[in-house]
Amino acid sequence: MAFHRIYVRGRLLFTLLIVLMLAICKLPVMAEPQLTEDEQVNQILEKSLSIVEIDKEIARIQTEKQKVTEDMSATDKRIMQREQEIKEKREEAGKVLRAYYMGEREILLRAILSFDSLHELFAMLDYVDIIFTKDRNTLDSYTKEYKSLKEEYTKLDGRKTELEEIESRLQTQRNRVAQLEDQIDGELAGRSDADRLRLLMQELTNYWESAGLQEVELYFGALSKAMNKLPNWLEDNKQYLEINGFNYTIRIPEDALNAFLREQDKRFNDFSFRFEDGKVIASGKHEDIEIAVSGHYTVEDKPKNGIVFHVDELLFNGFALPDTTRKTLEEKFDLGFYPGDIITFIQAKSVEMKEKELIVNLKMKL
């Protein structure tokens, strides 16, 4: 009987398990959220803007590639010239070395010892000095040309590696553009408003290139100039600098930073900065152009110690610009802050972005 109860209970559990599995299979599969019509259009426009900006990066890389190729060609010519020069110097150096090896220079030494008068001795010494100096110059010249040739080969190898890296970057960006173009073509296929969207894409591109990019660069340029003046401002506002023994801390509230920026440039009257957990967020609107920047600071030691700003996201009228645009702006405008400009014997150790405050921890240079 006990065995029968166990058997029945097992069958019941198995049946319940089957029923549960069937029920799960009949549950509706959660579909991915569908984009609204406006979201689909914005996505297409954003991709078209990315293509324009990545194309600029491709053009920049191609220019860089052309310069490196020209440098390599010039280096090749110098190597050919150096090889001819070193061939001639090698022959001259060989003659000198053979003269010493075969004992031909010993004749000069014997001649010195066989003088009949001091006048003959001095004349012979002058003659020997001229010959030995010429020999030394010949050997030194050969050594110099040989070292120069090795340097040219090293330079050429470095340029070849650089060219390979450029080719790789170029191909990566071309692949990105091709992929984006395929996506746009696929998204436009079958749409009755495809022609209208292509017109919108062109209008967005024209607006970005004629006004948007200029406005973004004006903001970045003004911010770069203001950051150069930040060390002097902190010297006049020492309430933001804490000193505890050998530890230094700079604490800049976001409202104080915004007030400082507006003192530097009226453009920041329409622009504001916020410090959140690990993020710096800046946004503003001027006329019909709205810009939003999100990024973070890191401590860097080269080319000099400081905190350097990295752009993580850049929005123009709500459209996200690609990483190539962000990188170009980072390279063109220095938004860093260098504590050593305030006190020469300190350097940045760490940086934090907390709620409504930028905190820079400093240490003394060793």
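Predicted model: local features only at pLDDT ≥ 70, side-chain atom pairs only at ≥ 80, totals over all residues.
Let me start with strands β6 and β7: strand β6, residues 306–316, runs antiparallel to β7, and two bridges join them, where helices (H or I, at least four residues) and strands (E, at least two) are DSSP runs numbered from the N terminus, and two strands pair if DSSP finds at least two bridges between them. At that place Phe316 has Phe319 of β7 as its bridge partner. Residues are numbered from 1 along each chain as its sequence is written, and side-chain values use heavy atoms, with hydrogens and water left out.

The pair that I began with belongs to an open sheet of five strands, in the order β3-β4-β5-β6-β7, with antiparallel pairing. Its edge strands are β3 (271–276) and β7 (319–320), each of which pairs on one side only.

Now to the helices, and to α5 in particular. What length should we expect of α5, residues 194–236? The expected span of a helix is 1.5 Å times one less than its number of residues, so the 43 residues of α5 should span 63 Å, and the end C-alpha atoms are 59 Å apart, which agrees. Even so, α5 bends by about 50 degrees at Trp208, the bend being the angle between axes fitted to the seven residues ending there and the seven starting there.

Helix α6, residues 254–264, has as its buried residues Glu254, Ala256, Leu257, Asn258, Phe260 and Leu261, where buried means under 20% relative accessible area, exposed over 50% and partly exposed in between, with a 1.4 Å probe and protein chains only. Those buried residues pack against α5, β2 (247–253) and β3, a contact meaning heavy atoms within 4.5 Å.

On the aromatic side, Tyr219, Phe268, Phe271 and Phe273 form one cluster, in which rings of Phe, Tyr and Trp (its six-membered ring) pair if their centres lie within 6.5 Å, with planes under 30 degrees apart counted as stacked, over 60 as edge-to-face and the rest as tilted. Arg267 lies over the face of Tyr219, at 5.5 Å from the ring centre, and Lys304 lies over the face of Tyr338, at 4.6 Å; the rule asks for NZ of Lys or CZ of Arg within 6 Å of the ring centre and within 35 degrees of the ring normal.

Finally, for the chain as a whole, there are seven helices and nine strands, and buried residues make up 36% of the 366 residues.
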